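Please look over the chain shown below. My notes follow as numbered points.

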Amino acid sequence: RKQKRVEKILQAITMSTNTDVSLSSYDEDQGSKLIRKAKEAPFVPIGMAGFAAIVAYGLYKLKSRGNTKMSVHLIHMRVAAQGFVVGAMTLGMGYSMYQEFWAKPKH
């Protein structure tokens, strides 16, 4: 394990001294970067999609809100959207903790 760490450090030193080396994070375009980040943290795009869906639903229901005031309707939609995002973040953190601490094979 220490040997791998030393190899990574040496590789980083040789990469930093070599000016011709291009890092992969600079080579990827926005689409592939988004796909890579979504694979690393799958609940982030789920939270974003849920937020967008709730906002779209709120805009759709805006005309048929009855005698509810506009401000109350907007507050309800905001709370629902924020609640979905916070829930997705919580599930993502729980999934990340599960992967880190419990699903890891014992050494």
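1. UniProt positions are given in the numbering used here, feature names are shortened, and annotations may be inferred rather than shown by experiment. The UniProt annotation "transmembrane region", from an unreviewed entry, covers residues 41–60 and 80–98.

2. This is a predicted model: local features need pLDDT of at least 70, side-chain atom pairs count only at pLDDT 80 or more, and totals for chains, interfaces and linings use all residues. Residues are numbered from 1 along each chain as its sequence is written, and side-chain values use heavy atoms, with hydrogens and water left out.

3. The chain has five helices and zero strands. Both are DSSP runs numbered from the N terminus (helices H or I, at least four residues; strands E, at least two).

4. Residues 41–60 are 90% helix and 0% strand, with end C-alpha atoms 30 Å apart. Residues 80–98 are 100% helix and 0% strand, and their end C-alpha atoms lie 27 Å apart.

5. Helix α5 has 33 residues and reaches 47 Å from first C-alpha to last, close to the 48 Å expected. The expected span is 1.5 Å times one less than the number of residues.

6. Which residues of α5 are buried? They are H73, M77, A81, A88 and G92. Buried means under 20% relative accessible area, exposed over 50%, partly exposed in between (1.4 Å probe, protein chains only). These buried residues pack against α4 (43–60); contact means heavy atoms within 4.5 Å.

7. L91 also sits in α5 (residues 70–102). L91 counts as exposed because its relative accessibility is 53%. Its C-alpha is 9.9 Å from that of V44, 47 residues away along the chain.

8. Buried residues make up 8% of the 107 residues in the chain.
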